[in-house]
Amino acid sequence: MVQTARERAREALTADIVETARGQLAEVGAAALSLRAVARELGLASSAVYRYVPSRDDLLTRLLVAGYASLGAAAEDADDPGLAPRGRWVAVSRGVRAWALAHPHEWALLYGSPVPGYAAPQDTVVAAMRSAGVFGRVLGDAARSGGLVGRTPDADRTPLVGPDVGPVLGGEHPALDDDVRARAVLAWSSTLGLVSAELFGHLVGVTTDQDAFFTEQVGRLADLVGLMG
């Protein structure tokens with residue numbers, strides 16, 4: 001369907017509002033984000049901005065969805081199906097870290113402290129799964145091709161991971177049992193933790209070469225999951 005001139009103008013101004021707010025994340029942080037300040041920077045009346053973005057919470061939601069989309073695209077771009085499973089995992093992890101280093105304030109919005117008074121709606125959860133899905137495809141592809149190794153858990157062990165993880169891994173497969181899924185969640189969340197620890201300054205004076213440290217550690221996480229190569 002062809003957009004009208006008014007629809008195109010509305011879409012362009014909404015994008016300008018979100019982009020201006022993204023810049024303010026670096027200056028004041030998510031908790032102090034203000035639509036009035038965005039309006040001032042754009043040279044608009046506050047009432048005009050509210051016609052496009054009705055509230056601060058709506059603006060935060062837009063920023064979250066845009067951030068997750070950008071991160072997901074970076075993870076997808078970093079994935080190389082031609083690599084061995086372990087190499088794919090490392091490459092995706094490095095792609096995620098590179099995005100975070102280039103967008104530290106957006107990473108803080110996605111994975112930092114919750115914004116007081118804001119509850120993210122369900123559509124942000126869906127958006128957040130895009131980058132996780134790239135890790136899941138690496139693992140799922142490895143399982144289906146026989147490139148996944150690991151022990152078999154006790155048959156009577158209580159399941160640790162819920163069924164919602166299955167689709168993220170590309171569907172059901174005998175090799176993707178609860179033990180493998182639990183290791184996958186641990187490895188994925190640990191990768192995010194490594195990135196956050198670096199960005200939030202917790203590794204200053206701890207590591208001598210952060211790039212080398214990160215690459216080695218995500219390789220060990222790939223080994224934990226059971227990725228070969």
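User: Before we start, what should I know about the model and its numbering?

Analyst: The model is predicted, so local features need pLDDT of at least 70 and side-chain atom pairs count only at pLDDT 80 or more, while totals for chains, interfaces and linings use all residues. Residues are numbered from 1 along each chain as its sequence is written, and side-chain values use heavy atoms, with hydrogens and water left out.

User: How many helices and strands does the protein chain have?

Analyst: Helices (H or I, at least four residues) and strands (E, at least two) are DSSP runs, numbered from the N terminus. Here the protein chain has 10 helices and 0 strands. Its C-alpha trace spans about 60 × 50 × 35 Å along the principal axes.

User: Which domains does the assignment give?

Analyst: Domain bounds come from an automatic or database domain assignment. For this chain, domain 1 covers 1-54 and domain 2 covers 57-225. Taken over C-alpha atoms, their centres are 31 Å apart.

User: What is the area buried between domain 1 and domain 2?

Analyst: The size of an interface is often given as the accessible area lost when the parts come together. Buried area is the accessible area (1.4 Å probe) that two parts lose on being put together, summed over both. Between domain 1 and domain 2 it is about 1,100 Å², and carbon and sulfur atoms give 81% of that. In domain 1, the residues that lose the most area to domain 2 are Val18, Arg22 and Leu25, together 38% of what that side buries. Counting contacts (heavy atoms within 4.5 Å), 15 residues of domain 1 touch 11 residues of domain 2.

User: How many salt bridges does the rule find across the interface of domain 1 and domain 2?

Analyst: Side chains of opposite charge can pair when their charged atoms come close. The rule for a salt bridge asks for a side-chain nitrogen of Lys or Arg within 4 Å of a carboxyl oxygen of Asp or Glu. It finds 1 across the interface of domain 1 and domain 2. Arginine 22 pairs with glutamate 106, with the closest N and O atoms 3.2 Å apart.

User: Which elements supply the side of domain 1 that touches domain 2?

Analyst: Helix H1 (5-28) and helix H2 (35-42) each give two or more residues to that side. H1 provides the largest share, 7 residues. Arginine 22 itself sits in helix H1. Leaving aside neighbours within four places in sequence, arginine 22 is in contact with Leu63, Ala66 and Glu106.

User: Where else can I look for a salt bridge?

Analyst: By this rule the count comes to 15 salt bridges. One of them joins arginine 62 and aspartate 58, whose closest N and O atoms are 2.8 Å apart. These two residues are 4 residues apart in helix H4 (residues 56-78), so about one helical turn separates them.

User: How many aromatic pairs does the structure hold?

Analyst: A pair of aromatic rings is described by the distance of the centres and the angle of the planes. Rings of Phe, Tyr and Trp (its six-membered ring) pair if their centres lie within 6.5 Å; planes under 30 degrees apart count as stacked, over 60 as edge-to-face and the rest as tilted. The structure holds 3 aromatic pairs. In the pair of tryptophan 107 and tyrosine 111, the ring centres are 4.5 Å apart and the planes stand at 50 degrees, so the pair is tilted. Both residues lie in helix H6 (residues 104-111), 4 residues apart, about one turn of the helix.
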